[in-house]
Amino acid sequence: MEPVDIRLFYAYLLPIFAFMGGPMATMGGASLKGCGFPAVYNFGDSNSDTGGISAAMTQVPPPNGESFFGHPSGRFCDGRLIIDLIAEKVKLPYLSPYLDSVGTNFRNGANFATGGSSIRPGGFSPFHLGIQISQFIQFKSRTSAVYNQLSPNRTTPPFKSNLPRPRDFSKALYTFDIGQNDLAYGFQHTNEEQVRASIPDILSQFSKAVHQLYKEGARFFWIHNTGPIGCLPYSVIYDKSKPNNLDQSGCVKPQNEMAQEFNRQLKDKVSQLRLQLPYGAFTYVDVYSVKYALISNAQNQGFVDPMNFCCGSFYGYHIDCGKKATVNGTVYGNPCHHPSKYISWDGIHYSQAANLWVANRILNGSFSNPPVSIEQVCLHSGKM
């Protein structure tokens with residue numbers, strides 16, 4: 001009989017004890033009450049961008065941000081994103097975007113996500129995942145050097161209290177929400193077979209990024225799969241094959257099937273990472289299933305038709321959210337009066353209400369592998 005690797009034994013056993021309230025109360029100093037992450041570092045696209053693209057390119061205009069912040073906040077949303085709700089759940093401030101030089105505080109983490117980003121280079125944005133990882137490595141090196149040089153009572157910038165503590169990098173939570181733009185760009189510029197063929201290389205580069213973070217001391221990873229891109233109103237409006245390719249929920253079936261294939265391979269890749277990086281804790285989160293459940297049952301959940309959206313226009317004239325145009329006496333681009341009734345904010349991004357609905361179902365571990373809440377990710381680490 002082959003000997004049992006004790007690290008793998010605990011890695012799979014601990015989540016069971018966590019849910020049963022069993023006697024195994026601690027692991028590596030963490031209690032079942034939560035891991036107490038000192039920081040969160042996020043990598044992604046516009047689904048989790050808290051101001052990166054605004055700082056680097058052009059500010060996201062109003063009415064974005066109106067439902068929660070009361071002003072544009074760099075988010076493509078009327079309010080909070082899932083990454084904001086993650087920060088709330090682990091009791092940390094909202095993440096400052098790495099690229100923003102004004103009013104930033106990086107003590108509790110940083111956000112490297114930028115709108116339009118993909119895993120592979122050559123997509124909608126120059127800030128692909130490889131660049132985001134390079135930015136993190138530079139950020140970690142430079143902030144650690146400055147932190148160690150500053151005295152605790154320094155009263156002139158940079159303030160030591162705004163910098164991450166070097167010891168916290170290995171205790172932080174590393175979150176990913178990226179990959180949707182790789183598929184979307186592929187659908188726009190290639191064909192379905194080429195998109196499918198590109199998935200292994202996309203995920204190979206994702207794996208390389210994780211390996212780099214692990215080498216830098218990252219240990220706790222929370223990885224979202226990609227959502228049902230065929231259910232975005234934008235996708236449905238511009239799909240040239242409808243109505244034959246629409247499913248029972250009104251979504252573009254081939255695009256969703258591709259997203260599901262991407263997610264199947266991503267889940268396999270995460271399983272490989274667990275074996276390759278045994279001191280890491282990897283949580284794979286099935287965001288696709290939650291978002292599709294919301295879209296397919298929208299009206300019973302208090303939302304309007306999921307193919308409607310609140311801000312901007314793609315019908316007749318393409319008007320981005322935050323802009324207006326008058327054509328033959330018709331005004332295009334006015335936002336709706338009740339964003340909380342809409343799943344889609346602008347035809348591409350989810351509303352705050354939809355983000356809340358999704359977050360309430362993923363952060364408790366119900367759609368995670370292994371089934372641990374975000375507060376207990378550290379409990380299934382292979383490190384003893």
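How do helices H4 and H6 lie relative to each other: roughly parallel or roughly perpendicular? Hi everyone, let's start there, keeping in mind that this is a predicted model.

Helix H4 covers residues 129-149 and helix H6 covers residues 192-215. They pack at an angle of about 5 degrees, and their axes are 10 Å apart. Angles under 35 degrees count as roughly parallel, so H4 and H6 are roughly parallel to each other. On the H4 side, the contact is made by Leu129, Ile133, Phe136 and Ile137. H6 brings Phe206, Ala209, Gln212 and Leu213. By class, that contact has seven nonpolar residues, one polar and no charged ones.

Now to the strands. There is an open sheet of six, in the order S4-S3-S5-S6-S7-S10, and its pairing is mixed. Strands S4 (109-111) and S10 (368-369) stand at the edges with a single partner strand each, so one side of each has no neighbour in the sheet. Further in, S3 (residues 40-44) and S5 (residues 173-177) pair in the parallel sense over five bridges. If you'd like a spot to look at, Tyr41 stands opposite Tyr174 in S5.

Of its 46 lining residues, the closest to the centre are Phe124, Gln188, Tyr234, Ile348 and His349. Helices H5 (180-189), H7 (233-238) and H8 (253-276) each supply at least two residues of that lining, and H5 gives the most, with five. What is the lining of the largest pocket like by class? It has 19 nonpolar, 20 polar and seven charged residues.

Thanks, everyone!

Key: Residues are numbered from 1 along each chain as its sequence is written. This is a predicted model: local features need pLDDT of at least 70, side-chain atom pairs count only at pLDDT 80 or more; totals for chains, interfaces and linings use all residues. Side-chain values use heavy atoms; hydrogens and water are left out. Two strands pair if DSSP finds at least two bridges between them. Helices (H or I, at least four residues) and strands (E, at least two) are DSSP runs, numbered from the N terminus. On a 1 Å grid over the protein atoms alone, a cavity is a set of points where a 1.4 Å probe fits but cannot get out, and a pocket is an open set with protein on both sides within 12 Å along at least five of seven lines; lining residues have an atom within 4 Å of a point. Ala, Val, Leu, Ile, Met, Phe, Trp, Tyr, Cys and Pro count as nonpolar, Asp, Glu, Lys and Arg as charged, and the others, Gly among them, as polar. Axes are lines fitted to C-alpha atoms, for helices over the stretch in contact, and angles run from 0 to 180 degrees between N-to-C directions. Angles under 35 degrees count as roughly parallel, over 145 as roughly antiparallel, 65 to 115 as roughly perpendicular and the rest as oblique. Contact means heavy atoms within 4.5 Å.
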